[in-house]
Amino acid sequence: MEKLKIAGGDLLQGTVSISGAKNSAVALIPATILAKSPVTIEGLPNISDVNILGDLLEEIGGKVELTNNEMVVDPSEMISMPLPNGKVKKLRASYYLMGAMLGRFKKAVIGLPGGCHLGPRPIDQHIKGFEALGAKVTNEQGAIYLRADELKGARIYLDVVSVGATINIMLAAVLAKGRTIIENAAKEPEIIDVATLLSSMGAKIKGAGTDVIRIDGVEELHGCRHSIIPDRIEAGTYMIIGAAMGREVMIDNVIPLHLESLIAKLREMGMHIETSNDQILLVGGQKELKAVDIKTLVYPGFPTDLQQPFTSFLTKATGTSVVTDTIYSARFKHIDELRRMGATIKVEGRSAIVTGPTTLQGAKVKASDLRAGAALVCAGLMAEGVTEITGLEHIDRGYSQLEEKLTGLGATIWREKMTEKEIEQLQSS
Ligand code: EPU
């Protein structure tokens, strides 16, 4: 086991290049199951979730090659192997195997997904969608069993706007008979990316990126080559880091349109930001940053996935900021850790109230989930002294080459092996 160490306070300068989007990758890889011939996905991020999904495709008989961030999947000999346990439980996105395997084999058994603990994360809307398409869905000893004689297009209204349910229903519907209409669909860029891959495979999908998606089922899908979109959450994390500690930080390989809510909030605080086609420049050196309130919302609102690192940054702002998460009620596990570093924050219900400015102090902290980890990295870079972060397995699920990218900007950050005693202490904490 390893820990991350950061000697804070370095001013950052330079260019950081953004990797492919994690939350696209985790849906694009299962989507390959639906094709009859090899699919190539290029630009994948170098993160553990990608490797685990590749292994899962091999478990069901796929041939998977991953080199230089490019994955080639030959799905022709895949079988409807039940996956009730094991690696499926390591990541939440394994729920996409349900939609893809149901679509191709008309049956699937998938262990209930793991992932970050952010409060209740039901999948009732996914199941409602599968049932509307004609599947019988049962939960047996912690695994979801899906079976259908045939899948038939249906009109599905999502009671909750859900990224996962929207994508999963698309996956199950592309090979169903007739037309499926998803109403109140999520509009995240990752949904458009998955629809683009499926369309290149021969699917007929209209309206991805709006709240009504129409899918006309086709007989079969074929292989293709697809290039993934850049990770707006990784880009947003580096923007926040750049805003906190940058002299001039250029974010490269980014779609600025995907980050409008963050850009607006940073400008409201007094940051100077310039955007071009695929780059965002943050210019630091402001004497004072204004406190702002943020409320996380579905896209194009402020993303819940950036709420945690943004909260670290707000400790630098003058005044009181209120951060409200309307998507995940319990996404505040980073707050106790930030307090250990000297932040003045209290949690009231779904909101964190931050009072600043505070100079954070290096401390030993633990990442409880992926974006809590990003918040602590951000805090560590801002802090005086050395910060030691454990729980790296969470961070490695979502940030490609984190130390290399930050070192490239001038940060002092490195990994160290944990001693037996430290591991024992961590496990008992
Ligand atoms: N919800 C339901 N029922 C459902 C599905 C969702 O009530 O059947 C609720 C959830 O509890 C939540 C809200 O709807 O309150 C939104 O959930 P959504 O389904 O959109 O989230 P998700 O698909 O499970 C994805 C990302 C998350 C990201 C959210 C919101 C993946 C693998 N995960 O989760 O990413 O926070 O959308 O944008 O794509 C992360 O990257 O750190 C992460 C957690």
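How far is an oxygen atom of the ligand from an N or O atom in the side chain of Y328? The distance is 3.1 Å.

## Basis of the report

The structure is a predicted model, in which local features need pLDDT of at least 70, side-chain atom pairs count only at pLDDT 80 or more, and totals for chains, interfaces and linings use all residues. Residues are numbered from 1 along each chain as its sequence is written, and side-chain values use heavy atoms, with hydrogens and water left out.

An N or O atom in the side chain of Y95 lies 2.8 Å from an oxygen atom of the ligand. For D124, a side-chain N or O atom is 2.8 Å from a nitrogen atom of the ligand. A polar contact is a pair of N or O atoms within 3.5 Å; within protein, one must be able to donate a hydrogen and the other to accept it, and residues adjacent in sequence count only if both atoms are side-chain atoms.

On its own the ligand has 820 Å² of accessible area, of which the protein covers 90% (Shrake-Rupley method, 1.4 Å probe).

## The shell around the ligand

The ligand is surrounded by 26 residues, the closest being Q125, S162, D305, I327 and R371; a residue counts if one of its heavy atoms lies within 4 Å. This shell divides into 13 nonpolar, six polar and seven charged residues. Here Ala, Val, Leu, Ile, Met, Phe, Trp, Tyr, Cys and Pro count as nonpolar, Asp, Glu, Lys and Arg as charged, and the others, Gly among them, as polar.

Two or more shell residues come from each of α1 (22-31), α4 (124-132), α5 (163-173), α9 (304-314) and α11 (370-382). Helices (H or I, at least four residues) and strands (E, at least two) are DSSP runs, numbered from the N terminus. Domain 1 (2-19 + 230-428) and domain 2 (22-227) each supply at least three residues to the shell, with bounds from an automatic or database domain assignment.

## Backbone geometry in loops

Most residues other than glycine have a negative phi, and most peptide bonds are trans. The bond from Y299 to P300 is cis, with omega near 10 degrees, and P300 is in the loop between β17 (294-296) and α9. The bond from G356 to P357 is also cis, with omega near 5 degrees; P357 lies between β20 (351-356) and β21 (364-366).

Q141, which is not a glycine, has a positive phi of about 45 degrees.
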